[in-house]
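Here are my notes on the model you sent over. Have it open in your viewer while you read.

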Amino acid sequence: MEFASREEAESVIPKLCDKPGFCEYPEGFAIHETHVGLTGWEEGFVTTYGQPPKGADGEAFDLPAWMFDKREAD
């Protein structure tokens, strides 16, 4: 989602906290500044696995390719 200000982005968090997925990670919200008109993730992305949610085998999530250190995958 994109918002015009940090305050606007923060105002949405309470509205999402009881929704599926969001309610399992109430402290998982992150707000990142971006610039309109720029293309992100131009280098591609890598799917990796993190801490599993309650009762699951694992949780897949995507990271921009530049954030992924291939040495960590070995």
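The points below go from the whole chain to single residues.

1. Ground rules. This is a predicted model: local features need pLDDT of at least 70, side-chain atom pairs count only at pLDDT 80 or more, and totals for chains, interfaces and linings use all residues. Numbering starts from 1 along each chain as its sequence is written, and side-chain values use heavy atoms, with hydrogens and water left out.

2. Overall layout. The protein chain has two helices and two strands, and from the N terminus on they run α-β-β-α. Helices here are DSSP runs of H or I with at least four residues, strands are runs of E with at least two, and both are numbered from the N terminus.

3. Burial and surface. Of the 74 residues in the protein chain, 7% count as buried. For that word, read under 20% relative accessible area; exposed is over 50% and partly exposed is in between (1.4 Å probe, protein chains only). The protein chain exposes about 6600 Å², with carbon and sulfur atoms supplying 53% of it; the areas come from the Shrake-Rupley method with a 1.4 Å probe.

4. Contacts along the chain. Take the contacts in the protein chain with a separation of 6 or more: 10% of them join residues 24 or more positions apart. A contact means heavy atoms within 4.5 Å.

5. The largest pocket. About 990 Å³ of space lies in it. Of the 28 residues that line this pocket, M1, A30, I31, H32 and E33 are the closest to its centre. A pocket is an open set of points on a 1 Å grid over the protein atoms alone, where a 1.4 Å probe fits, with protein on both sides within 12 Å along at least five of seven lines; lining residues have an atom within 4 Å of a point. Helix α1 (residues 6-16) gives the most to the lining, with five residues.

6. M1, up close. This residue sits in the segment before α1 and is exposed, at 77% relative accessible area. Leaving out residues up to four places away in sequence, M1 touches V12 and L16. M1 and I31 are 30 residues apart in sequence, with 9.8 Å from C-alpha to C-alpha.

7. The aromatic pair. How many aromatic pairs does a search of the whole structure find? There is one. The rings of F22 and F29 have centres 5.4 Å apart and planes at 15°, so the pair is stacked (centres within 6.5 Å make a pair, and planes under 30 degrees apart count as stacked). F22 is partly exposed at 36% relative accessible area, and F29 is also partly exposed, at 24%.

8. E27. With 75% relative accessibility, E27 counts as exposed. Its C-alpha atom is 9.3 Å from that of C17, ten residues away along the chain.

Key:
Grid points are joined across faces, edges and corners, and a volume is the space filled by probe spheres set on the points. Rings of Phe, Tyr and Trp (its six-membered ring) pair if their centres lie within 6.5 Å; planes under 30 degrees apart count as stacked, over 60 as edge-to-face and the rest as tilted.
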